[in-house]
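This report describes a structure for a reader who is new to the subject. Please look at the sequence and the model below before reading on.

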Number of protein chains: 2
Amino acid sequence: MFRLKHLPVDTLREHVIMIHEQAVRSGNLGFNPLDRVRVSGSDPATGKSREITGVLNFCRDALVGPEEVGLSDEAFHDFGLPEGTLVSASLAVAPHSVDLVRDKLAGKRLDRTGFTAILADVAARRYSRVELAMFVLACALKRLDLAELVDYTHAMIDTGDQLKFEADIVADKHCIGGIPGNRTTMIVVPILASLGLTIPKTSSRAITSPAGTADTMGVLADVSLSADRIHQVVNRTGACIAWGGALELAPADDVLITVERPMELDTEAQMVASILAKKKTVSATHVLIDIPVGPSAKVRTYAAADQLASLFRAVAAHLDLHLEVALTDARAPVGRGIGPRLEALDVLSVLRCDADAPQDLREKSLYLASRIIEMSGRVLPGAGYREVRRTLDCGAAMAKFSEIVDAQGPRDLPPEAPYRYTVTAPADGRIRNVDCWEIARVAKRAGAPANVAAGVKMLKSVGDILSKGEPLFEIHACSTEQLETARAYAQEHPGIITMGF
Amino acid sequence: MFRLKHLPVDTLREHVIMIHEQAVRSGNLGFNPLDRVRVSGSDPATGKSREITGVLNFCRDALVGPEEVGLSDEAFHDFGLPEGTLVSASLAVAPHSVDLVRDKLAGKRLDRTGFTAILADVAARRYSRVELAMFVLACALKRLDLAELVDYTHAMIDTGDQLKFEADIVADKHCIGGIPGNRTTMIVVPILASLGLTIPKTSSRAITSPAGTADTMGVLADVSLSADRIHQVVNRTGACIAWGGALELAPADDVLITVERPMELDTEAQMVASILAKKKTVSATHVLIDIPVGPSAKVRTYAAADQLASLFRAVAAHLDLHLEVALTDARAPVGRGIGPRLEALDVLSVLRCDADAPQDLREKSLYLASRIIEMSGRVLPGAGYREVRRTLDCGAAMAKFSEIVDAQGPRDLPPEAPYRYTVTAPADGRIRNVDCWEIARVAKRAGAPANVAAGVKMLKSVGDILSKGEPLFEIHACSTEQLETARAYAQEHPGIITMGF
């Protein structure tokens with residue numbers, strides 16, 4: 001028996017259990033580091049027994065004594081017993097569902113029962129990081145057929161909580177990402193809400209990008225809203241722009257992201273299932289999917305985009321979801337800023353209809369909003385664009401955005417990043433395109449999204465003609481080291497911006 | 001700047017860096033948990049600068065203070081600066097070679113330069129656990145063609161140290177594994193050494209099995225030998241049976257195993273490269289590869305075995321290695337014991353020519369030894385079997401084995417496991433086969449190989465006829481919990497032993 005100890009360590013959704021190596025040896029417990037261990041005990045108050053499994057680390061001294069077992073932050077919280085409780089520890093085996101992952105790797109199909117078993121174990125933190133990677137790569141490399149994908153999506157929905165809204169039509173939009181600065185959501189949502197649509201938007205934080213919509217919105221307002229708070233905000237304003245991860249809408253997805261992020265790998269099936277499951281769990285009825293297509297976007301050809309669009313439509317049809325797809329042109333980032341604070345400034349500029357607001361962000365947002373308002377049947381086909389432009393230009397969208405920010409809880413704009421570096425044109429010429437993937441990497445190296453003020457500010461756009469030495473873009477960073485890392489990366493990758501005539 | 005602190009935590013070949021969350025916030029360092037972090041400082045004695053990268057964990061209190069940065073055991077050791085040294089910490093990016101892994105996942109080929117870059121980073125602990133999993137699965141699922149496999153093997157060899165021996169012929173053998181109890185090495189090596197061959201055998205510990213040869217030999221003798229000690233032992237006895245992991249023969253492989261083990265996944269290309277690289281690094285000239293074939297072995301059909309054998313031969317041809325393959329029949333475990341101590345008893349029984357020694361282990365060892373002695377040219381083709389049997393039966397092999405054990409450093413046989421459970425026949429009938437994979441899982445759940453005395457002892461063999469209720473096999477465990485886990489697994493999987501008429 002061991003005494004329970006809380007180790008205040010954040011291991012990002014992996015349960016870590018720490019045992020003193022002396023206890024392992026003398027007790028002949030037969031553990032090795034990285035083994036899976038089960039800790040069991042009973043609640044001193046209620047007498048109810050509880051158990052938790054996690055990945056084992058050994059320690060020698062200081063952290064836990066030979067008579068103690070240490071649980072990392074989340075594991076301790078999930079276990080729910082007080083420090084000092086007497087608990088036992090034993091070697092645990094992998095959950096049965098890991099065998100299903102192995103079967104999938106070997107080429108077998110998975111069904112809804114299988115996916116539900118896997119995702120329930122994933123959500124309960126019963127998978128080690130390596131097993132999570134196995135599952136993600138099994139789905140990525142062994143492909144899911146349509147029936148599997150529908151089953152996977154259903155399993156995602158089954159594993160999470162659900163938000164319900166009164167409205168007959170609940171609108172939603174989603175961009176598959178990959179285009180830096182592409183913050184249309186924060187413009188489309190207030191436009192549609194001011195036209196009377198219910199649009200409770202939950203967004204993600206950055207997975208592989210320098211900013212997700214939740215990161216950018218988080219610069220201006222609280223985005224970590226509970227389900228109750230979302231209902232309050234939506235009842236009051238007709239909309240919200242919240243962080244989906246604060247809810248338990250897709251708890252398995254939140255865990256899978258911890259391995260997808262370091263892989264810098266987005267996988268098609270995982271993406272379709274994850275997006276559509278989240279739409280269903282917020283009770284969306286009408287959804288527009290934005291697929292940017294460009295030489296450095298996630299989707300590089302219109303043929304590939306059509307294929308992905310068909311996949312979205314096919315799965316949506318099985319989920320009773322009214323879905324349309326917009327294929328949008330992406331030869332460069334949208335807007336000027338890349339990184340949460342810089343992107344938030346772009347959004348405000350468009351909503352305020354500033355004369356120098358980035359026109360590409362404005363036009364794309366109007367296009368997407370017009371598609372959704374037409375889908376909803378509130379305006380006649382073809383009349384959407386005029387309607388949404390009017391809403392933006394008359395200030396109604398800005399007023400609605402302020403309402404949403406106030407309802408969520410406004411935040412003070414953080415200060416500008418203190419360190420800057422200007423990258424200049426290597427030669428005379430016209431900008432032909434900007435590599436979205438590489439410019440995102442510069443912004444990430446500068447510290448985005450963790451440093452909200454860090455990132456890249458584009459000073460020129462595709463089509464601009466400039467002379468050698470003229471400023472192309474600025475790197476913003478919060479430390480000299482990050483500035484230097486980003487600068488060096490930009491220098492080593494001159495192909496970030498293609499110039500020609 | 002932070003003060004360096006040593007965290008005495010064993011994280012199994014992953015560098016973990018611990019920073020106080022308050023330091024992260026106030027310093028606006030822009031870190032997230034699981035980010036890769038670089039710690040830099042200079043040696044107070046020599047002034048030389050040093051740096052190390054690792055995976056970031058946050059903590060709140062107790063473990064490290066806001067002014068400290070904590071390094072896990074191996075990271076602290078590799079960094080090499082004393083506690084209290086002033087160091088800086090910054091966000092680090094993934095090594096460039098991770099892009100090559102991503103390219104491979106996307107279907108591109110890798111070459112020797114690429115593999116060498118990857119394996120050097122892997123060996124230096126620059127890969128996170130998730131990136132290691134990516135690499136292993138990329139090679140497994142995207143396949144390596146022959147040229148890639150040869151390049152990968154060369155890269156493995158380039159990354160490690162090399163052992164050199166005087167002899168013209170350096171013999172070696174290797175079983176691809178998957179057959180519990182198959183401890184032929186400990187019999188073949190002394191037979192061949194007593195016939196005058198040089199055979200410096202390095203073996204692995206269990207990856208996915210209840211015991212590797214190094215685990216079993218470790219019951220009787222020290223197997224953690226340095227390169228110098230191996231030379232001493234081989235000079236004195238002509239042979240050794242050592243743990244390869246104690247050397248730096250294939251340091252990348254030792255790291256890759258930390259993700260392969262929890263995956264319980266052996267991959268063909270990884271296996272061929274890893275085996276042949278290790279043979280080259282011990283300067284082997286003549287190698288026999290044992291591929292067991294059976295319904296529950298790693299290789300299930302002779303067609304698959306032939307294909308694998310061709311792969312071994314093709315790669316060996318590019319490495320200037322004389323290689324033969326033995327396809328051996330495997331419808332059941334070899335010998336009676338499964339688990340380090342129980343297998344060691346089988347080996348001793350065969351070497352002593354006990355009347356009740358397991359005949360399958362004896363015959364298989366004699367066959368493999370005869371193939372190698374014939375390959376070496378020391379006897380005429382066809383004369384090998386008689387020669388090696390004579391060597392075993394006259395006690396010369398046993399004497400040689402004792403010599404090797406004495407040279408490596410003998411160990412006292414550990415006591416028997418205190419807990420037993422006997423599994424009995426569910427019906428009358430004849431044993432048709434034993435599922436090697438499932439019986440291994442029973443032994444692992446009983447605690448093998450970490451508990452050396454734990455495992456399974458087969459009481460009957462394929463072909464035996466028995467009545468319902470007669471003992472089939474015994475589970476040995478060091479705790480009641482492990483006994484119970486293994487018993488439950490055996491009960492839930494009645495297909496472990498197939499009976500019929």
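## Terms and numbering

Two strands are said to pair if DSSP finds at least two bridges between them. Helices (H or I, at least four residues) and strands (E, at least two) are DSSP runs, and they are numbered from the N terminus.

The model is predicted, and local features need pLDDT of at least 70, side-chain atom pairs count only at pLDDT 80 or more, while totals for chains, interfaces and linings use all residues. Residues are numbered from 1 along each chain as its sequence is written, and chains are lettered from A and ligands numbered from 1 in the order in which they are written.

## Where chain A meets chain B

Contact between residues is judged from C-beta atoms, placed from the backbone, which must lie within 7 Å of each other. By this rule, 46 residues of chain A are in contact with 45 residues of chain B. On the chain A side, two or more residues come from each of β2 (9–10), β5 (49–59), β7 (86–91), α5 (129–142), α10 (251–263) and α18 (480–492). The most is given by α5(A), with seven residues. The side of chain A that touches chain B consists of 25 nonpolar, eleven polar and ten charged residues. In this count Ala, Val, Leu, Ile, Met, Phe, Trp, Tyr, Cys and Pro are nonpolar, Asp, Glu, Lys and Arg are charged, and the others, Gly among them, are polar.

Strands also link the two chains: β2(A) pairs with β5 (residues 49–59) of chain B in the antiparallel sense, over two bridges. Within β5(B), B:Phe58 is the bridge partner of A:Asp10.

## Helices that cross

Two packed helices are described by the angle between their axes and the distance between the axes. Axes are lines fitted to C-alpha atoms, for helices over the stretch in contact, and angles run from 0 to 180 degrees between N-to-C directions. Between the chains, α5(A) packs with helix α10 (residues 251–263) of chain B at an angle of about 75 degrees, and their axes are 9 Å apart. The two helices, α5(A) and α10(B), are therefore roughly perpendicular. Angles under 35 degrees count as roughly parallel, over 145 as roughly antiparallel, 65 to 115 as roughly perpendicular and the rest as oblique. In this contact A:Val130, A:Glu131 and A:Met134 meet B:Val259, B:Pro262 and B:Met263. The contact of α5(A) with α10(B) has five nonpolar, no polar and one charged residues.

Within chain A, the axes of α4(A) and α10(A) come within 8 Å and cross at roughly 70 degrees. This pair, α4(A) and α10(A), is also roughly perpendicular. From α4(A), A:Leu119, A:Val122 and A:Ala123 meet A:Pro251, A:Ala252, A:Val255 and A:Leu256 of α10(A). The residues of the contact of α4(A) with α10(A) are seven nonpolar, no polar and no charged.

## A sheet in chain B

Four strands of chain B form an open sheet in the order β13-β16-β18-β14, with antiparallel pairing. The edges are β13 (337–338) and β14 (419–424) of chain B; each has a single partner strand, so one side of each has no neighbour in the sheet. Six bridges join β14(B) to β18 (residues 471–477) of chain B in the antiparallel sense, and B:Tyr419 has B:Ala477 in β18(B) as its bridge partner. Helix α17(B) packs on the sheet and touches β13, β16 and β18 of chain B, and its direction makes about 130 degrees with that of β16(B).

## Backbone exceptions

Most residues other than glycine have a negative phi, and most peptide bonds are trans. In chain A, the peptide bond between A:Ala448 and A:Pro449 is cis, with omega about 5 degrees. A:Pro449 is in the loop between α17 (436–445) and β16 (455–458) of chain A. In chain B, the bond from B:Ala448 to B:Pro449 is cis, with omega near 5 degrees.

A:Arg125 is in the loop between α4 (112–123) and α5 of chain A, and is buried, with 21 other C-beta atoms within 10 Å. A residue is buried if 20 or more other C-beta atoms lie within 10 Å of its own, exposed if 12 or fewer, and partly exposed in between, with C-beta atoms placed from the backbone. A:Cys353 has a positive phi of about 55 degrees and counts as partly exposed, with 14 C-beta neighbours inside 10 Å.

How values were computed. Contact = placed C-beta atoms within 7 Å.
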